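Work through the exercises below with the sequence and the model side by side, and try each task before reading its solution.

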Amino acid sequence: MTPTEDRQFPAPLAAAMAVRLDRIGEDGVDFEPFKAFLTADETTDWLRAWTGNGKLNGDAFRVFGQDGTGGSAAFWLIRPGRALAEQPVVFLGSEGETGVVARNLGSFLWLLADGFGPWEAATSYELEPDWVPHPNRELAAIAEQFAPLHRAAAVVVIEQATREFPDFDDTIMELCR
């Protein structure tokens, strides 16, 4: 992908984000989707602010939502020559949290269906003891329609992503100033 490509969501993400927009505050998931990806300039501004590194550009990310504190969910364009749907989904939190939360869009759809958002996935090791995910049938139907071969429980999605990209935190921290 190039920085000038279309900023509209692919159909599976658009469908899931429409459901998430209707659920903000209802299910305990702290995730507020955008209606389209941030522009290239907005993404660059976000990455520079997050890292404190004014020399970076945001070409390696497509930001599509945030949590209530401003932490961002994005596709990380780390797989050269591969489609957006095949790129991992990451979270960079407002308090320095980082994590690869899904290996690709299909896995991310199942993560959402299982009641997790990007923050919950990235910080699953420190969730409030009384937090319980609430699986969503509408999101499960979207995942089944667009990604039936990626079906997995949220804990499996998170574990697979973490295992495939164990150095994500180090990679991001190296960008920080």
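A nonpolar core is a set of buried Ala, Val, Leu, Ile, Met, Phe, Trp, Tyr and Cys residues joined through side-chain atoms within 4.5 Å, where buried means under 20% relative accessible area, exposed over 50%, and partly exposed in between (1.4 Å probe, protein chains only). The model is predicted, so local features need pLDDT of at least 70 and side-chain atom pairs count only at pLDDT 80 or more, while totals for chains, interfaces and linings use all residues. Residues are numbered from 1 along each chain as its sequence is written, and side-chain values use heavy atoms, with hydrogens and water left out.

**Exercise 1.** Find how many residues the largest nonpolar core has, and which element gives the largest share.

*Solution.* The largest nonpolar core has 36 residues, and L13, M17, F64, F75, V101, F108 and L111 have the most contacts inside it. Next, look at the elements, where helices (H or I, at least four residues) and strands (E, at least two) are DSSP runs numbered from the N terminus. Among the elements that give two or more residues to this core are α1, β3, β5 and α3 (105–113). The largest share, seven residues, comes from α3. Apart from this core lies another one of 16 residues, including F61, V63, F165 and F168.

**Exercise 2.** Describe the ring pair of F9 and F64, and state which parts of the chain the pair ties together.

*Solution.* Rings of Phe, Tyr and Trp (its six-membered ring) pair if their centres lie within 6.5 Å, and planes under 30 degrees apart count as stacked, over 60 as edge-to-face and the rest as tilted. The structure holds nine such aromatic pairs. In one of them, F9 and F64 are edge-to-face, with 6.5 Å centre to centre and 90 degrees between the planes. Because F9 lies in the segment before α1 (11–23) and F64 in strand β2 (residues 61–66), the pair ties together parts that are 55 residues apart in sequence. F9 is buried at a relative accessible area of 11%, and F64 is buried at 0%.

F64 also pairs with F75 in a tilted arrangement, 5.4 Å centre to centre and 45 degrees between the planes. Ring pairs link F9, F31, F37, F64, F75 and F108 into a cluster.

**Exercise 3.** Is T98 buried or exposed, and which side chain does its side chain meet in a polar contact?

*Solution.* T98 lies in strand β5 (residues 98–102) and counts as buried at 14% relative accessibility. A polar contact is a pair of N or O atoms within 3.5 Å; within protein, one must be able to donate a hydrogen and the other to accept it, and residues adjacent in sequence count only if both atoms are side-chain atoms. The side chain of T98 makes such a contact with the side chain of D169, at 2.5 Å.
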